[in-house]
Amino acid sequence: MQLYLPVAAPLPQSVPLFGVSVPAGFPSPADDYKDSLLDLNRYLIRDAASSFMVRVSGDSMADAGIHHGDLLVVDRGLPPLHGHIVLAAIDGAFTVKRLHRRDGRVALLAENAAYAPLELGGEQELCIWGVVTACVKRFT
Amino acid sequence: MSTFALVDGNSFYTSCERVFRPDLAGKPIIVLSNNDGCVVARSAEAKALGIDAFLPYYQVAAQCRRHGVAVFSSNYALYGDMSQRMMQVVARWGIEQEIYSIDESFITLDGIPELRHHAAGLRADVLQRVGIPTCVGIGRSKTLAKLANSVAKTHPRCNGVFAWDWLARDWQEKLLARLAASRVWGVGRRSADKLARLGIHSALDLQRAAPQLIQRHFGIVLERTVAELNGVSCLELDDIAAPRQQLISSRSFARAVSELPTLAAAVTHHATRVGEKLRQQRSVAQLVGVSIRGNPFGDAPPQRGWTVVPLSGPAADTFVLVKAALAGLEAIYLPGHGYKKAGVVLLGISAAQARQPDLFAVSTDPRRAALLQTLDKVNRHYGSGTLRLASEAVSAGWQMRQAQRSPRWTTCWDELPVVS
């Protein structure tokens, strides 16, 4: 089985800031700089156990910088608050929108003028699946 | 006094499927075994429809269609990943943890006040972070924690949490009296029959049995179970870092197989898989077990074959393991029979460094070790089975049938959920 998701102790995908050649037998002077290794997993993911990835289809969140084909990191561990971008399930279907929760009004807002806000009434079943914490984009 | 909790996922496989299918909330779901042969997991809704476990799927297929049951092939990539997540979150709520199976782990809660509150917090946390509903059973021994868990699971009023000590003594006894001794953790069917001959039928009988009598007839293991039922903890949490003592790879065929080359292909595949696992945990094995068996649901008495091939020395070399497994297969194979399942198990496993040098062993070729390392690396990187031995013939009709597998939502770039 091929595991792609960030795991508890992932091999750090790191960019070393220092390139030091180490004489054998001596403590490495680079040891003090271990914290300076940049690990994208740690930057993007707060809690690997509760973080999942989904792929975006469509342009309803284009003005928030989320485009077709992007990867989103979704953290189920965070409480969804007003203003968060969330992954929601409405009547059993997934959608990414900005959560609006003010003055007794609950709505899911698209970030694209072409899409109307989704007001949530009594009929519809809303379940916030998780909070979108990062968007990963690749250009090539 | 120790406090143990057993935390397990409710209908784990079906719960995993539901996390990524919000449209299936509250709907009946079943998961089939390898090859879509049998029902191995049912959601609560499917149980309520009266769909029995471990029935061949074809016997319940019509019923499933009638009731709109969602049917899934098993998706072990998904279940394995979700299990790892669940265990990680559960571990944060315990002092120590022992992972007991894909969906169960024991944790210790010594000294934690307000256990009800703590356990409710654990359940809510796992549900929120991973999406899997769980039940928590608490007791002074692992055996009592396991019992308490089954109470938590079957009585909705518990809200998923039950501690054995919350029950007054006479209620505990009433409950134990209604429970067959065979339902107690650690009591096998064979022991249960033997216990019945001694007049021990219920869990209560077992709890009250004289320890000396139990030890004389069954040995120390069951004597410990009796002590554990009386609230005396005898079983510690295992060290989870300990390497597994037994490694198995087996699978059912999509159709009955009677030709030796096809069986050899399957056995080679399984021996290769367990060899990989063995090297991953840096162990060596002393014995290679091979099993083939016929259709247990057919009319003819099922044909079974099982043998154990000892190796000349402990080994982790795929070529050595495969050779032994194939020799074992030839020894048990009977022409003219249809086999439904083949498997390989490694036994007598020990750590690689503890290995005794063998005076008579052929000195190992360092190029062999390098070759195996490359093999493992390629298969890890490009997917299991990219490089394999030629005797594991490709597409020989024995590979897994998974007609209805859900996407590998969490472990495969191409199968991530798509959202708009």
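Me: In this predicted model, where contact means heavy atoms within 4.5 Å, how many residues does the contact take from chain A and from chain B?
Reply: With contact set at heavy atoms within 4.5 Å, it takes 31 residues from chain A and 33 residues from chain B.

Me: What is the area buried between chain A and chain B, and what share of it do carbon and sulfur atoms give?
Reply: The area buried between the two chains is about 2700 Å², and carbon and sulfur atoms give 56% of that area.

Me: Why is the meeting of R92(B) and D47(A) called a salt bridge?
Reply: The N to O distance between the side chains of R92(B) and D47(A) is 2.7 Å, and the cut-off for a side-chain nitrogen of Arg and a carboxyl oxygen of Asp is 4 Å, so the pair qualifies. Between chain A and chain B the count is 2 salt bridges, alongside 15 residue pairs in polar contact, both residues being at pLDDT 80 or more.

Me: Which strands of chain A each supply at least two residues of the side that touches chain B?
Reply: They are β3 (51-56), β5 (85-90) and β6 (93-102), and β3(A) gives the most, with 6 residues. The residues of this side of chain A divide into 19 nonpolar, 8 polar and 4 charged.

Me: What makes β3(A) and β14(B) a pair of strands?
Reply: Pairing requires at least two bridges, and 2 bridges join β3(A) to β14 (residues 418-419) of chain B, therefore the two strands count as paired. They run parallel, and the bridge partner of V56(A) in β14(B) is V419(B).

Note on methods
Residues are numbered from 1 along each chain as its sequence is written. Chains are lettered from A and ligands numbered from 1 in the order in which they are written. This is a predicted model: local features need pLDDT of at least 70, side-chain atom pairs count only at pLDDT 80 or more; totals for chains, interfaces and linings use all residues. Side-chain values use heavy atoms; hydrogens and water are left out. Buried area is the accessible area (1.4 Å probe) that two parts lose on being put together, summed over both. A polar contact is a pair of N or O atoms within 3.5 Å; within protein, one must be able to donate a hydrogen and the other to accept it, and residues adjacent in sequence count only if both atoms are side-chain atoms. Helices (H or I, at least four residues) and strands (E, at least two) are DSSP runs, numbered from the N terminus. Ala, Val, Leu, Ile, Met, Phe, Trp, Tyr, Cys and Pro count as nonpolar, Asp, Glu, Lys and Arg as charged, and the others, Gly among them, as polar.
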